[in-house]
Structure formats: structure tokens, C-alpha cells
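Please read it beside the sequence and the model.

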Amino acid sequence: MSAMVHPAAMILSGMAKWISGADVQWLWRPTEPRPRVYFANHSSHLDALVLLAVLPAPIRSLTHPVAAQEYWQGSRLRSFLAARVFGSVLVPRSSGALFAGRAILSSLLRELERGCSLILFPEGKRGTGERIADFKSGLYQLCRERSGLEAVPVYLENLNRVLPKGRLLPSPSRSRVIFGSPLSLQPGETRPGFLQRARQALQDLRNR
């Protein structure tokens with residue numbers, strides 16, 4: 001399938017990449033559009049923009065961020081940017097767990113069935129950038145429901161300094177975006193085991 005990228009999304013993601021001075025390191029590089037989950041650490045509102053900006057164009061056009069409904073529907077501007085410009089999949093936070101409800105999970109699985117990929121932040125909320133927090137269960141749920149789904153770890157370095165939590169305007173700086181090799185859920189692998197393995201994959205990229 002093919003998809004059109006909103007012109008404003010191209011402009012804003014390009015600006016985010018320029019402001020952040022993003023240096024991309026490909027330890028593994030996607031070469032064909034297919035359903036995947038790109039999962040990353042989360043410390044800035046620039047995270048999804050920069051990640052989108054560095055993806056190859058044919059893959060970028062079919063990739064949608066998963067974002068917190070409560071925040072992005074908090075104003076008309078944020079709602080327009082999330083839904084109309086970036087094609088985000090908005091999900092409510094429920095009992096501290098990301099998309100715990102079956103209906104929410106089904107909406108994400110539908111995007112994968114359509115041939116789209118997702119950007120997911122398994123920590124569930126923005127951190128300070130000092131550590132990678134424990135993962136919520138959403139990444140495991142998607143990989144459990146869709147056999148063979150590739151989960152690609154992406155470490156985002158220094159974006160918390162470019163646009164820290166609580167700041168409106170970014171400070172131009174340098175950052176890194178490091179893509180690691182895909183993971184998939186192994187037969188018999190438990191939720192804690194898989195989530196720990198996925199978190200460790202991000203930690204390994206951070207330590208490079």
C-alpha cells in the first residue's frame with residue numbers, strides 16, 4: 001500500500017531533525033516497507049518527530065506514532081497535529097498500563113494489518129533522559145498477537161537536552177539516533193523476559 005505524508009509533517013519533522021543535529025547510526029537498516037514496531041526511549045516531544053524524519057521515505061510514509069490521547073487531545077492545535085498532520089494513533093492511558101484494553105490493542109493491530117508500522121515508547125511517559133524506565137506491557141502484547149512481528153530498538157540520545165520536559169522552545173544541539181537489530185517474541189517467552197530483553201536492547205545501544 002502507499003500513503004501520502006502531510007506537507008506540514010515533512011516540514012516539522014525536517015525542522016526537528018535540523019534543530020537536534022541528529023546523527024543517524026544504522027546498526028540495522030530497514031530496506032523495505034513492512035509492518036514493524038519501532039520502539040524507543042522517551043524524554044522529549046521531539047522524539048517521534050526526529051525518529052520519523054530519519055526513516056527512509058517509503059517507510060516513513062507508512063509509519064504512525066502511538067501517542068497519549070489525554071495529552072494530544074488537550075487542545076485543538078495538539079489534536080490537529082497528532083491526528084491530521086502526523087497520523088498518530090491516540091490511545092488512553094489505563095491503570096498505568098499502555099493500551100491495556102482489548103479495543104485499544106485492536107486499533108493498533110489494525111494499523112499493522114493495513115501494512116503500516118508504529119512508533120512506540122514502551123516506558124509509557126517521558127523521562128528525564130537519565131535512565132531507561134521499565135517497560136509497560138504494550139510492546140509484548142503486540143508481538144504476542146502478531147506472530148513474527150519485528151520490534152526494532154531505536155535509542156534517542158540527547159533529545160532531552162534539545163527540548164526538555166516543560167520547555168516550549170528547543171535549544172539547537174547535537175543528538176544521535178541509533179537503530180539496532182529487530183527483536184521478535186520467541187516461542188514460550190514470558191512477558192517479563194521479553195520486556196527485559198527489549199529494554200536491554202535499548203540499554204546496549206545507549207552504551208555504544
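Predicted model: local features only at pLDDT ≥ 70, side-chain atom pairs only at ≥ 80, totals over all residues.

Residues are numbered from 1 along each chain as its sequence is written, and side-chain values use heavy atoms, with hydrogens and water left out.

**Overall make-up**

The secondary structure comes to nine helices and nine strands, where helices (H or I, at least four residues) and strands (E, at least two) are DSSP runs numbered from the N terminus. Of the 208 residues of the protein, 49% count as buried; buried means under 20% relative accessible area, exposed over 50%, and partly exposed in between, with a 1.4 Å probe and protein chains only. Among the contacts (heavy atoms within 4.5 Å) with a separation of 6 or more, residues 24 or more positions apart account for 73%. Helix α2 (residues 47-54) has eight of its eight residues buried, so it is largely enclosed by the rest of the structure.

Five of the five residues of β2 are buried. In a regular strand the side chains alternate between the two faces of the sheet. In β2, Arg36, Tyr38 and Ala40 point one way, whereas Val37 and Phe39 point the other way.

Two strands pair if DSSP finds at least two bridges between them. The pairing of β2 with strand β8 (residues 150-157) is parallel and runs over five bridges, with Glu150 of β8 as the bridge partner of Arg36. Strand β7 (residues 117-120) also runs parallel to β2, joined to it by three bridges, and here Ile119 of β7 is the bridge partner of Tyr38.

Arg36, which lies in β2 (residues 36-40), counts as buried because its relative accessibility is 1%. A polar atom of the Arg36 side chain lies 3.0 Å from the backbone oxygen of Glu32. Leaving aside residues up to four places away in sequence, Arg36 touches a set of residues that includes Trp28, Ile59, Leu112, Leu118 and Glu150.

**Aromatic pairs**

Rings of Phe, Tyr and Trp (its six-membered ring) pair if their centres lie within 6.5 Å, and planes under 30 degrees apart count as stacked, over 60 as edge-to-face and the rest as tilted. By this rule the count comes to four aromatic pairs, and two of these are set out below.

| Pair | Centre to centre | Angle between planes | Class |
|---|---|---|---|
| Tyr38 and Phe179 | 6.4 Å | 80° | edge-to-face |
| Tyr140 and Phe194 | 6.4 Å | 50° | tilted |

Tyr38 lies in strand β2 and Phe179 in strand β9 (residues 175-179), so this pair ties together parts that are 141 residues apart in sequence. Arg29 lies over the face of Trp26, at 4.5 Å from the ring centre; a charge sits over a ring if NZ of Lys or CZ of Arg is within 6 Å of the ring centre and within 35 degrees of the ring normal.

The other pair in the table joins Tyr140 in helix α7 (residues 138-145) to Phe194 in helix α9 (residues 191-206), 54 residues apart. Tyr140 counts as buried at 13% relative accessibility, and Phe194 is buried with a relative accessible area of 0%.

**Nonpolar cores**

A nonpolar core is a set of buried Ala, Val, Leu, Ile, Met, Phe, Trp, Tyr and Cys residues joined through side-chain atoms within 4.5 Å. The largest has 29 residues, and those that touch the most other members include Phe39, Leu118 and Leu202. Elements that each supply at least two residues of this core include β2, β7, β8 and α7, while α9 gives the most, with six residues. A second, separate core of 27 residues includes Ala16, Ala22, Tyr38 and Val154.

**A backbone exception**

Most residues other than glycine have a negative phi, and most peptide bonds are trans. Asn158, found in the loop between β8 and α8 (159-162), has a positive phi of about 80° although it is not a glycine. At 16% relative accessibility, Asn158 counts as buried.

Notes: Polar contact = N/O pair within 3.5 Å; in protein donor to acceptor, adjacent residues only side chain to side chain.
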